[in-house]
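Q: Please take a close look at one part of this model. Describe the packing there and the surroundings of the part in some detail.

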Amino acid sequence: MTQQRETPDIEPHGLLEEITEVPERAMVIFAHPDDAEIGSGATVARWTAAGCEVVYVQSTSGSSGSNDRSMTSDEIVPIRAAEQREAASTVGVETIEVLDHADGWLDPDRVFLEELVRLIRKHRPEVVFAHDPERFSGFNHRDHRAVGITAKDAIYPYARDHLHFPDQIEKEGLQPWKVKHLLMWGTDQPNVIIDVSDTLETKIEALFKHESQVGGLATNVDVATRLKKRASDAADGFNFDYAERFRRITARP
Ligand SMILES: [Zn+2]
C-alpha cells in the first residue's frame with residue numbers, strides 16, 4: 001500500500017478571510033530584533049496609523065546576530081537595541097519590552113511563560129502576533145519555535161485563568177486577561193489576510209533600520225524587491241496590491 005504523505009499547501013485564497021477591523025490594543029511577541037518587522041510590520045504600521053496601540057515584546061537581545069567576524073556579542077547588543085527602537089518607531093510602536101534571554105538559547109520553559117503571561121496581563125492586548133511554532137515546510141529557528149509555543153500557552157490558559165501565576169494577581173496588582181486572537185506569521189497554513197498596500201513601504205523602511213542585519217544599499221534593493229514580491233504574491237486573487245497573511249486562532253467567547 002502506498003502511503004500518501006500529507007503536505008498541506010498554502011490554502012487557496014477563497015479560504016482566506018480578510019481582516020479589516022482594527023483592535024484597540026495589540027502585542028507583537030518575537031525572538032530577535034527585526035523578526036517583528038518581517039513578520040507583521042506592514043499590518044502593525046496600518047493599525048497604529050488607525051489608532052491601535054501596539055507593544056513589542058522582544059524575547060532575546062539578538063546577541064548572536066552578526067555575520068561580521070570582528071563583532072562580539074557585547075558590541076552587537078546595543079547596536080541592535082538602537083536599531084530596534086528606530087524600526088519600531090517607524091511602524092508607530094513606542095513601547096518595547098525586552099526580555100533578557102540569550103540569542104539561540106530560548107526555551108519554552110516556565111520562566112519565559114511567566115514573563116509573557118505578566119506582559120499580557122499588564123498590556124491587555126486583544127490581538128497578539130507571534131511566530132508560528134508549527135511550520136513544517138522548512139527550517140524554523142529554535143528561538144522562533146520557543147516564542148510561538150510559549151506565546152500560545154501564555155494566551156491560553158495561563159494569562160486568562162487567575163489560578164496560574166497567582167502572585168501576579170495577588171502581589172503585583174495585575175488581572176487575568178483574555179486575548180481574543182493570536183495571529184501567527186511564517187505559517188504554512190494562513191487563514192486570514194490583511195491589505196497592506198498603503199504600508200508596505202513603511203515596513204521596508206522599518207526593516208532597513210536594522211542596518212547591522214540587512215547590510216548595504218545593494219542588499220537593501222534585493223531585500224525590498226523580495227519583500228514586495230512576497231507581499232504581492234500574498235495578495236494574489238484579491239483586489240489589492242500587497243498583503244500579509246497569518247494563521248489566526250480565535251479564543252472561544
Ligand atoms: Zn529571528
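A: The crossing in which α3 passes α4 is right-handed (the near helix is turned clockwise from the far one by less than a right angle). The model is a predicted one: local features need pLDDT of at least 70, side-chain atom pairs count only at pLDDT 80 or more, and totals for chains, interfaces and linings use all residues. Numbering starts from 1 along each chain as its sequence is written. Helices (H or I, at least four residues) and strands (E, at least two) are DSSP runs, numbered from the N terminus.

Helix α3 spans residues 110-123 and helix α4 residues 142-159; they pack at about 65 degrees with their axes 9 Å apart (axes are lines fitted to C-alpha atoms over the stretch in contact, and angles run from 0 to 180 degrees between N-to-C directions). On the α3 side the contact is made by Phe 112, Leu 113, Leu 116, Val 117, Ile 120 and Arg 121, and on the α4 side by Thr 150, Ala 151, Asp 153, Ala 154, Ile 155, Tyr 158 and Ala 159 (C-beta atoms, placed from the backbone, within 7 Å). By class, the residues of this contact are ten nonpolar, one polar and two charged (Ala, Val, Leu, Ile, Met, Phe, Trp, Tyr, Cys and Pro count as nonpolar, Asp, Glu, Lys and Arg as charged, the others, Gly among them, as polar).

Helix α2 covers residues 73-90, and its end C-alpha atoms are 26 Å apart, which agrees with the 26 Å that 18 residues should span at 1.5 Å a residue (1.5 Å times one less than the number of residues). Its buried residues are Ile 76, Arg 80, Glu 83, Gln 84, Ala 87 and Ala 88 (buried: 20 or more other C-beta atoms within 10 Å of its own; exposed: 12 or fewer; partly exposed: in between; C-beta atoms placed from the backbone). These cover an arc of only 130 degrees around the axis, so they lie on the same side of α2 (the arc is that of the directions from the helix axis to the C-beta atoms). Asp 74 and Pro 78 are exposed on the face turned away from that buried side. The cover over the buried residues of α2 includes α1 (35-49), β3 (53-60), β4 (95-101), α6 (200-207) and α7 (211-214).

Val 91 sits in the loop between α2 and β4. Val 91 is buried, with 28 other C-beta atoms within 10 Å. Beyond its neighbours within four places in sequence, Val 91 is in contact with Glu 37, Gly 41, Val 44, Ala 45, Thr 48, Thr 202, Lys 203 and Ala 206. Gly 92, which follows α2, has a positive phi near 85 degrees.

Helix α6 is mostly covered, with six of its eight residues buried. The buried residues of α6 are Leu 200, Thr 202, Lys 203, Ile 204, Ala 206 and Leu 207.

Conventions. Two residues are in contact if their C-beta atoms, placed from the backbone, lie within 7 Å.
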